[in-house]
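User: I'm new to this one and would like a close look at a single part: the place where the two chains meet. Could you walk me through it, and then show me around the partner chain a bit?

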Amino acid sequence: MAGSLASLLPRPTKLYDVYDDSGASSAVAALASAAHGPEPPPYGKRQGFRPSGPEDFGGGGAFPEIHSPQYPRNMGNPSGARRGKTIGVAVDAQSGAAAHDALVLRGGDNSGRRVFTRFEDVVERRGGVPLEPPSQEEVDETLARTQAALMAIVDKASAAGRGVQLPTQSRNRHNQSRFVRLTASEEAAGYNPDAKHRLVRVVEAPQDPLEPPKHKHKKAPAGPPEDPVPVQHAPAGKVSAADQQAWEIPPAISNWKNAHGFTIPLHVRMAADGRRLQETVTNERHAALTHDLDVAEALARKEVDARARLQQRLVLQEKEAKEAEMRELAARARLERTGIVPRAPVDTGAAAAAAAAAAGAAASAAAGAAASGPAGAAGAAPGAAVAGLGGADSGGFTGAAGAPAFAGGAAEAHGPADDGVSDRETMRAERKRQRERELRQEQSGKRARGPAGGRDDRDVSEKIALGMSAAPSLRGEAAFDTRLFAGGGGVGSGFGGDGDDNAYSAPWRTAAVSSIYRPRGDVGGAGDADAALAKLKGAAAKFTADVDFEGVGAGAGAGAAAAAARPAGAGLGSGGAGVAAPARDGPVEFVRAEGRPAGAGADGEADAGGDPFAAMGAGEARGGGRGLEGVGRGGGMRAAAGGGSGGGGSGRDAGRTLDDDFTTG
Amino acid sequence: MRHAAALAEAAQSSSRVSAARRRPRQLVAPSWHAPWKLQRVISGLGGWVRCVAVDPSNEFFVTGSADRNVTVWDLATGERKLTLTGHISTVRGAVLSPRHPYLFTAGEDKKVLCWDLEHNKVIRHYHGHLSGVYSLAMHPTLDVLMSGGRDAVCRVWDMRTRSEVHVLSGHTNAVASIITQPTDPQVITGSMDSTVRLWDLAAGKSMGVLTHHQRAVRALARGSGPGAAGSGGEHSFVSGAADGLRKWHASSGQFLFSMRAHEAMVHSLACNSDGVLFSGADDGGYRMWDVATGHCFQAGKAAVQPGSLDSEAAIYCAAFDMTGTRLITGGADKTVRVWREDPSATPESHPVDMDAYRAEVRRAEEAGAV
């Protein structure tokens, strides 16, 4: 029936291509059959088939579905040719020698190969074997032969690849459609005589170009293994116990997974944990080095400490020696003055100058001391002592030497000598005690300081515990300009507008800035009524000097004139400067007076060659505008002087000129 | 009776053996080679350097490393010129074609790629390996490519059509090394099943199996060096395994002699046209041999790059440049090293140690090829 229908239908123009890998497996089978002889009947057609010889197995194994004794490759065949374990010795055809390798070489895969079977093949050959490279002809011949063989394979593969291409779908389907006239058979079921003939249109079915291929890869069975070749190396030696020990790897024991809940001992866990497998070895010389460094540091500290202590002791000795010398000088001067001891030549020049100055000062002070009284002399004594201690250079020494001389003279005039000496001795002792105490404190180190001084090596927590810690002082970035705080307008308020080039947010000393350098008002100017009155009274004319002091310029004169206009002290011999100088609005620039050697004559009147106005002007300049106010208060011209004259007190000014003070500058 | 015959046969063979051992030794003096010095260490790669190939024009060389990159370096300056990314696993093989502007690479990602070095792009994939590819070689005269890998086969690819011409199957473990030569056997593979196989390329069949090695054969080198066919040199090849190096006749596969060297796996072998053979091992040790006589004239152990583990000293690949005066090696410490001959060395300053050579030969012969 089906055959009749196929004959009735027209032949199909298109066929499905169903690809299969059966060709490959058949190729393998053909290969196997070529190697092993005829093929057994295929699977499913083995009814009544009984394999009788090795050729019936096709190189493969036994057929399990055939229930009869089977001996593929004659294995285990009790009646076969290869029954026993011994095999016959083959003999070489030419030499007649036994060929033990005949079994390996004859037939099978190794027949066309070079197989190394003899002992000579494992013996070393150094030299004697020619190793010439192949000739060019051989290379070309091999190339041509191989190329042809490979080309054939590649062509076949590429042709097969072309066949695998997807069938192209015809673009115009209507051109491909065909009409077929069908005539139904009268015997067919459901025959309709009215529709005896049908016209059928055959159209190509649309094809999905992305449809996966319909064929299926089938894994070809692996072919039979190759025939073995003799192994040319010794079997692996037995593993020694040491090797086994070395290769023993303990089983991994997880600290996280323990599905069976075994109790794993701690030492096993520790052994499984790889962290302790590596041992960090530190060189022991590190410890030695650290120890040596510590020792060296301690030694160095000790040396530095000893050196500092020695230095301190030297300084103290020097100080004491100087003090003793000074004391001796003073005592000698006193004795000389009283005439107990005849004048002796003094060995140092400085002592000679000091003695001369002391004599001069005592002579001049004799008249002035009457006004100041004994209280002034007593008050002057400590100041003189302080000045004597502080003066180290010859200039200071000169000035200081004059003061005790003067004080001593005053004390002598008004009181017994023992009284002053004992006072001085007590003071000296007290001062010595104080110095020694200071020295002891310094030597005992920082510990002797009070808690306010603070030990720097204390920890912060210690300080807090001891109550030593105040609020930490702000340093570095923590320090802020407090002027930036509490500004209502924020940052923008401090420095003015953007156009203003203000480096500072607020002026420095807003209150006093107008009165720092400027002379007050127009003192001595045209509008000053006091000045005009004084001029009218002719008081100013008394002090008007026709000599301007050099170096300062015209500006200094105004200040001097102003000073002259005020009531002057009794001891002020002469003063005043040029009245014609214009007003000054800046600090006086002072140039040191020439031609006045330091430590020259102590008396201004005696020093006729010098310029008294220069000294006065300089004193005024140093004091500045405000320094002039102290003139009247002190009752004399007292200008500030450098050095140790701060403790001089008010008793020093009577009857003295300014020269002493300025020589020290 | 049979037993007696066997005994006699054994005695005869043993006399042959002793004759072979007692053969008067006519040792050929090894030719002198200058010792090699490390010239440059190039670091900067992100992984083990697994393969190196030198440009036939001798201008650059190519390394493939475990950071999945193929890097092109300037041979003269050692500067990196290019990094090619395309592999997704360690690059294990690189070959530069002397006849095409192509670079072929293979990696553990089963890929064998063909790069066009004029555009620096992959232009062909050779698809078919079932597992990682461990070695790659190109035929010296034919346009075919050989790749072998963990699927224990060596696949022969037609370069142009990308079709698999042959599957050279027979090894039972990964194919770790491949060399090719213009005459039969045109393909020689070394495998981790500790055998070396010689292949007939036209038929796609094995021509022979060399079973002398006991350990995986991870390195092979042609004894004639990198020169083309007929350029001179020896027609031999050397195979390297953890149990030593062995030299073979390149046509017949006859065993010539063994060189006992490293106590570790030999990963790399390279031979130049002067007959200098380099072998690099897994423990970082390297040796220089006179390939004609098997005399080791230099041995050492290169220090690893600082920061590497002790176990990362292996020398994985080695290649001489086209002139044979530079040796480029790559190792597990992620560096590429360039070596050159010591220019100040003379035969007087570094004489051939004949005593050591004789002792070595005697030891090898007494031990036999075991």
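Analyst: Let's start with what counts as touching: contact here means heavy atoms within 4.5 Å. Keep in mind, too, that this is a predicted model. With that cut-off, chain A brings 41 residues to the contact and chain B brings 55 residues.

How much area goes into hiding? The size of an interface is often given as the accessible area lost when the parts come together. Here chain A and chain B bury about 4,100 Å² between them, and 59% of that is on carbon and sulfur atoms. On the chain A side, three residues stand out: E124(A), R126(A) and L131(A) provide 20% of the area chain A buries against chain B, more than any other three residues.

Now for the polar side of things. The rule picks up three salt bridges across the interface of chain A and chain B. One of them pairs the side chains of E226(A) and R197(B), at 2.9 Å from N to O. As for the side of chain A that touches chain B, its residues split into 22 nonpolar, eight polar and 11 charged.

Moving on to chain B itself, you'll find two helices and 28 strands. Of its 370 residues, 59% count as buried. Among the contacts in chain B with a separation of 6 or more, 48% join residues 24 or more positions apart.

What about cysteines? A disulfide is a covalent bond between the sulfur atoms of two cysteines. The count of disulfides over all chains comes to zero. Take C317(B): the nearest cysteine sulfur belongs to C51(B) and is 6.3 Å away. C317(B) counts as buried because its relative accessible area is 6%, which is under 20%. C296(B), at 21%, is partly exposed.

Most residues other than glycine have a negative phi, and most peptide bonds are trans. The bond from D184(B) to P185(B) is cis, though, with omega near -5°, and P185(B) sits in the loop between β14 (175-180) and β15 (187-191). A152(B) isn't a glycine, yet its phi is positive, about 65°. You'll spot A152(B) in the loop between β11 (144-149) and β12 (153-158), buried at 13% relative accessible area. S194(B) also isn't a glycine and has a positive phi of about 65°. Look for S194(B) in the loop between β15 and β16 (196-200); at 12% relative accessibility, S194(B) is buried.

Note on methods. Residues numbered from 1 in each chain as written. Chains lettered and ligands numbered in written order. Predicted model: local features only at pLDDT ≥ 70, side-chain atom pairs only at ≥ 80, totals over all residues. Heavy atoms only, no water. Buried area = accessible area lost by both parts, 1.4 Å probe. Salt bridge = Lys/Arg side-chain N within 4 Å of Asp/Glu carboxyl O. Nonpolar A, V, L, I, M, F, W, Y, C, P; charged D, E, K, R; others polar. Disulfide = S-S within 2.5 Å. Buried < 20%, exposed > 50% of the residue type's maximum accessible area, 1.4 Å probe, protein only. Helix = DSSP H or I, 4+ residues; strand = E, 2+ residues; numbered from the N terminus.
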